[in-house]
Amino acid sequence: MKRTPRDQEHSHRVLSRRALLLGGLQLGFAGGLAARMRFLQVDQADEFRLLAEENRVNFELLPPARGRIFDRNGTVIAKNSPSYRIVIVPENTPDIDAAITKLRQLVEISDEEIKEALEDIEAGRRYHRITLADQVTWEDIARVAANAPALSGISPEVGLTRVYPQNADFAHVVGYVGPVSDYDLSKMDDPDPILLTPRFQFGKVGFESKLEERLRGKAGTKRVEVNAGGRVMRELGRREGEAGRDMQLTLDANLQSYAQTRLGNESASAVVIDCETGDLRAICSSPSFDPNLFVRGISGKNYRDLTSNIYRPLANKSVQGVYPPGSTFKMVVALAALEEGIVGTEDTVWCPGHLEVSGRRFHCWKRAGHGHVNLNGSLKGSCDVYYYDLAIKVGIEKISAMARRLGLGVRHDLPMSAVASGLAPDKDWKFKVHGQDWLVGDTVNSSIGQGYMLASPMQLAVMTARLATGRAVEPRLLKSIDGIDQPSGAGESMGLNENNLRFVRKGMYSVSNERRGTAYRNRIVADGLRMAGKTGTSQVRNITAAERAAGVIRNEDLPWERRDHALFVSFAPYDNPKYAISVVVEHGGGGSTAAAPIARDILLQALYDGPPPLTAYPKRDRPRIKALQERLKREQEQAHKPSVKDQA
Amino acid sequence: MTYLANNAQSIPTGFRKILFLNWPLVLLMTSVASVGFLMLYSVAGGSFSPWVEPQFKRFLLGLGVMLFVAMIPIWFWRNVSAVAYLVSFGLLLAVEFFGSVGMGAQRWIDLGFMRLQPSELMKITLVMLLAAYYDWLPPEKTSRPFWVVLPVLMILIPTALVLKQPDLGTSILLMAAGGGVMFLAGVHWAYFAAVIASGVGLVAAVFQSRGTEWQLLKNYQYRRIDTFLDPSQDPLGAGYHITQSKIALGSGGWSGRGFMQGTQSRLNFLPEKHTDFIFTTLAEEFGFIGGLSLLSIYMLVIIFAIAAAIATKDRFSALVTMGIALTFFLFFAVNMSMVMGLMPVVGVPLPMVSYGGSVMLVLMGAFGLIQSANIHRPR
């Protein structure tokens, strides 16, 4: 088929025209593409750049090292030790179940831990490290490392964990840390992001909790480049955090340990305070518990054992336990009366063993009565009738005011959990709380530290220190933060008449140094270290008329929880007070038999800064004391055996 | 006999042919390929493996193929057009039965040393067949219905096969390129108006059919369209590609982050970073300037090809040159539109830049045809 040249000319012209048209369309489209490119890359560049940053940069928190806690001499109370754990990165593990099965042949891991980890794997991103086993031993780590080829994706890791080397001694004061719980977070307005880290350790109770923020420090951050899977590619930069502050307590680890051991298995507490500075030298509560158990996550059985124990080992009885102060309150009444000029030191009261007040008979602990009693004798023999009479004259308002001046019924702000404020009741208080008028019988009850009157062992120790010095001694627990001393608690003079104070102290001296003093058997005989004290026995029940008619039931015949509390407060040396102490033995019976011996032993231990010579004790006590000292020494050693496999 | 055969005397022979190559096109193609090497080097994190080395080898092989095709007179290619079309059609049928299933689609035949995608071959042989058809067809018959239906069938039958694979991108390319050649050949405007109108109707039908028994597209294709229309619907799922691609592109800014400094693509935020989405890496690292430069090179290729097409008096040469240029254009225009969020993600590579053997070899061979037309042009 032959085409004419005209034909060809025509078809070629059409083709060229259409080619140019199509080319024009293509150019136009390309122009559109360029405009779109410009729109995305120039006009919207900033927005996309921001999105890109978010895409690729992750912040990782660097957990700060928690501040350590020392006693006044630098003994470690809480520290951080390397802890080994085994982690899994699911992305790198082809068969997670097989790997875990294999791992469990090498390392003992509880079903709970595995279950928890599997839940984390399910929920979390596959590139995250998920803890399979925490707090494993070095041997476990070695076994995992040796079998690395069979355990792809599983690797050992080193972290820091809290360790309390003194075991149970400081459990109540210092408390413990534990993993942050959802409940903890729910109580915070704006939790520090580091707290959201899985298994981050955080102060749960006690000093650890009260000073949490300063102990925790500030988390550093690490900027890392991550890929779309969240896997870290490289580090872009880091801002170092701030390590937690090191804290030094006023407590003395040796004394604390001794006192804790001395309290033994009684449900008891003791507080030793430095009269000069207000430094708390020992704050004990027994029975105690091992805080290290809580750090690792306490087992259900152990926890139930602690909570179901009627001796309440978890409670810090020295500050959160409040007791009727009993006869230890008599100094307050005496001082209030002296300050008001209501009583002369030689004025006597006739004690027939009871006092009739508005038709009701109030008994003296001594059924036979004390006979004629003056102020000194009333303290020495702890005559109740004397104080019934005195209190009615002084009135509850003055008594409670004096109690508050001496530190009872006021809350001392100490960095411990649940510090109780106790109660020094007055007319307003009773009307407000009970809607009833104050009765004279209430005053009579209060005069011997019963009724509404409540005080913690801590408050009793403060009261004793204030009586001993005449200054408003404030208890102090925190000695220094990062080596910077905290304000002393020495306090200013309370402005009380020194003569009146001297009379009261003299009365306390008589208690524990003169024959027929209620704590005469528990005296200190070392020269210059004489102790002045006061016994207290507080009822936890009302004695019914029927019981009274049947004859006095001996304390020992009652069930434990209905026996009297035994209290003793004292200070020494009498001439130049150095330490004050309070001891409360719950349901221990008489203050002179259950509490005073403990107080004397602890006080001597403090005064000698170690085991006292036997010569400080009355001759007839020495063999018994010697045996006691040896037993306590053994028990102390036993108590400090590391409970946790401590790899430090 | 055609015009060309009559003027065969003026055509160069032997090694002199090399002098008559369209050298600007060779250089442009080489520079596009070089951009590809650069980007593949970058997305591999500064390494020749795993992508640059094989890509470079394929480019060298492609150059050989191009020269080989160019040396053979264009009338030979015209004469074998029908055979070439049938062969690639046969291969296309073959992947229906023997093809490997990759990425959810049956697309290639494993030849041992490389994987051949017959659909790529089809893009070129379809253009060849249509060009030969219109070269053979007397111009006055061009717009007669019977003679219009024939080429439409030539286009639609392979398109249907490709769509069945399923490969939406290639089917669009086949239809657009085929339609383009018909348009160039001088088919009457009215037909195109009718096709555009029915195209709109088809789109409506596609959307209407969704969820019914006669649903025209696969669900994933619908999802792609959905996310194209609103990527924010599902930024981590189906919209992920488009969202991430726009972030990478946009964060490049005016001049880019610098070579190898791109963060989005290298950190795997981008899927298919070395294939369909390689343009985002370029745009992120070299910014607007880089992206515009590549677009300009591409457009220069088109301009030189159109110029060559207009310069030749041979109808087959002109149609084949224009058709291939259009195919080439469709490749990069669709790819760029896709990564810039102007079009749904349909899986079309950036020609000569994206990693992949079939496309590069086929395109180099196709440009061999343009070269052959250029060399064997009567002067």
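## Reading the model

A residue is called buried when its relative accessible area is under 20%, exposed when that area is over 50%, and partly exposed in between (1.4 Å probe, protein chains only). By this rule A:Arg281 is buried, with a relative accessible area of 11%.

You are looking at a predicted model, in which local features need pLDDT of at least 70 and side-chain atom pairs count only at pLDDT 80 or more, while totals for chains, interfaces and linings use all residues. Residues are numbered from 1 along each chain as its sequence is written, chains are lettered from A and ligands numbered from 1 in the order in which they are written, and side-chain values use heavy atoms, leaving out hydrogens and water.

## Confidence

The predictor's confidence in each residue is given as pLDDT, from 0 to 100. For chain A the average is 86, and 91% of the residues score at least 70. Residues 644-648 of chain A stay under 50, and the model has 13 contacts for them beyond four places in sequence; a contact means heavy atoms within 4.5 Å. Where pLDDT is low, the predicted coordinates should not be read in detail.

## Chain A as a whole

Chain A contains 24 helices and 21 strands. These are DSSP runs, numbered from the N terminus: helices are H or I with at least four residues, and strands are E with at least two. Of its 648 residues, 53% count as buried. Among contacts in chain A with a separation of 6 or more, 72% are between residues 24 or more positions apart.

The accessible surface of chain A is about 29,500 Å², and carbon and sulfur atoms hold 50% of that. Such areas come from the Shrake-Rupley method with a 1.4 Å probe; for residues, only the protein chains shown count as cover.

## Salt bridges

Side chains of opposite charge can pair when their charged atoms come close. Here a salt bridge is a side-chain nitrogen of Lys or Arg within 4 Å of a carboxyl oxygen of Asp or Glu, and the count over all chains is 36. One of them joins A:Asp279 and A:Arg72, with the closest N and O atoms 3.3 Å apart. This pair links distant parts of the chain, 207 residues apart: A:Asp279 is in the loop between strand 11 (268-274) and strand 12 (280-286) of chain A, and A:Arg72 in the loop between strand 2 (69-70) and strand 3 (76-88) of chain A. Both A:Asp279 and A:Arg72 are buried.

A:Asp184 and A:Lys204 also form a salt bridge, at 2.6 Å between the closest N and O atoms. A:Asp184 sits in helix 7 and A:Lys204 in strand 7 of chain A, so the pair ties together parts that are 20 residues apart in sequence. A:Asp184 is buried at 10% relative accessible area, whereas A:Lys204 is partly exposed at 29%.

## A buried serine

Is A:Ser378 buried or exposed? With a relative accessible area of 0%, A:Ser378 is buried. A:Ser378 lies in helix 15 (residues 375-380) of chain A. Leaving aside residues up to four places away in sequence, A:Ser378 touches A:Val373, A:Cys383, A:Tyr386 and A:Tyr387.
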